[in-house]
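Here is a friendly briefing to read alongside the model. Take a look at the sequence and structure first, then work through the topics below.

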Amino acid sequence: MTGSGLRSGELADAAGVNQQTLRYYERRGLLAAPQRTPGGHRLYPAETVTLLRVIKAAQRLGFTLNEVADLLDASRHRHDRRPDAGLPARARDKLAEVEQKLADLAVIRDTLRAAITAGCDDLVACAGNACCPLPFAELAEGNDRADHC
């Protein structure tokens with residue numbers, strides 16, 4: 001670390017990202033353009049490490065970079081933000097999205113378990129069998145084949 005900031009490599013190492021990520025985040029507006037040394041090297045303030053860690057943590061929670069950018073923007077403009085723009089509202093929305101994905105995954109899990117139990121071993125043969133637990137006919141016809149077995 002230099003006296004006036006972190007160079008790109010130092011920042012990337014400290015935050016656990018690569019230097020291309022820094023440049024990409026700059027282009028996306030997630031990171032402010034850094035100061036430059038007389039030799040042209042980027043110098044980032046030390047608090048940028050925390051910002052990068054926050055961005056990566058938000059991504060791990062399922063937020064897209066656009067959503068992260070909106071959250072960061074809302075936190076920068078706390079005095080005039082809309083009630084639906086802050087972290088609590090966005091976290092509730094993301095939680096609802098995650099819960100829907102979990103429900104969808106549970107259906108997939110249960111269907112795959114049923115296919116294993118039923119001994120399905122050929123996708124084409126199963127597609128023609130009304131008792132196959134895989135949803136071929138439901139996808140093609142929009143009907144529920146469980147009533148036919």
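Cys-120 is partly exposed, with a relative accessible area of 26%, whereas Cys-132 is buried at 6%; here buried means under 20% relative accessible area, exposed over 50%, and partly exposed in between (1.4 Å probe, protein chains only). A search of the whole structure finds zero disulfides, a disulfide being a pair of cysteine sulfur atoms within 2.5 Å. This is a predicted model, in which local features need pLDDT of at least 70 and side-chain atom pairs count only at pLDDT 80 or more, while totals for chains, interfaces and linings use all residues. Residues are numbered from 1 along each chain as its sequence is written, and side-chain values use heavy atoms, with hydrogens and water left out.

**Overall layout**

- The protein chain holds seven helices and three strands; helices (H or I, at least four residues) and strands (E, at least two) are DSSP runs, numbered from the N terminus.
- Along the sequence, these elements follow the pattern β-α-α-β-β-α-α-α-α-α.
- The protein chain has 149 residues, and 27% of them count as buried.
- Of the contacts in the protein chain with a separation of 6 or more, 39% are accounted for by residues 24 or more positions apart; contact means heavy atoms within 4.5 Å.

**The largest nonpolar core**

- In soluble globular proteins, nonpolar side chains tend to be buried together.
- The largest nonpolar core has 19 residues, and those with the most contacts inside it are Leu-11, Leu-22, Tyr-25, Leu-30, Leu-52, Ile-55 and Val-68. Helix 1 (8-15), helix 2 (19-28), helix 3 and helix 4 (65-76) each supply at least two residues of this core.
- A nonpolar core is a set of buried Ala, Val, Leu, Ile, Met, Phe, Trp, Tyr and Cys residues joined through side-chain atoms within 4.5 Å.
- Not counting residues up to four places away in sequence, Leu-22 touches Ser-8, Leu-11, Ala-12, Val-17, Leu-31, Tyr-44 and Leu-52.
- Ser-8 has its place in helix 1 and counts as buried, at 9% relative accessibility.
- Leaving aside neighbours within four places in sequence, Ser-8 is in contact with Gln-19, Leu-22, Arg-42 and Tyr-44.

**The second largest pocket**

- The second largest pocket has a volume of about 160 Å³. Thirteen residues line this pocket, and the closest to its centre are Leu-31, Ala-32, Ala-33, Pro-45 and Thr-48. Strand 3 (42-44) and helix 3 are the elements that give two or more residues to the lining.
- On a 1 Å grid over the protein atoms alone, a pocket is an open set of points where a 1.4 Å probe fits, with protein on both sides within 12 Å along at least five of seven lines; lining residues have an atom within 4 Å of a point.
- Grid points are joined across faces, edges and corners, and a volume is the space filled by probe spheres set on the points.
- The lining residues divide into nine nonpolar, three polar and one charged; Ala, Val, Leu, Ile, Met, Phe, Trp, Tyr, Cys and Pro count as nonpolar, Asp, Glu, Lys and Arg as charged, and the others, Gly among them, as polar.

- Thr-48 is found in helix 3 (residues 48-60) and is buried, with a relative accessible area of 9%.
- Thr-48 touches Leu-11 and Leu-31, not counting residues up to four places away in sequence.
- The C-alpha atoms of Thr-48 and Leu-6 are separated by 8.9 Å, although these residues are 42 apart along the chain.
- Ala-33 lies in the loop between helix 2 and strand 2 (35-36) and counts as exposed, at 69% relative accessibility.
- From Ala-33 to Leu-22, eleven residues apart along the chain, the C-alpha atoms are separated by 10.0 Å.

**Elsewhere in the chain**

- Arg-7 lies in strand 1 (residues 6-7) and is partly exposed, with a relative accessible area of 34%.
- Arg-7 and Ala-46 are 39 residues apart in sequence and 9.8 Å apart in space, C-alpha to C-alpha.
- Thr-117 is found in helix 5 (residues 87-118) and counts as exposed, at 71% relative accessibility.
- The C-alpha atoms of Thr-117 and Pro-133, 16 residues apart along the chain, are separated by 9.4 Å.
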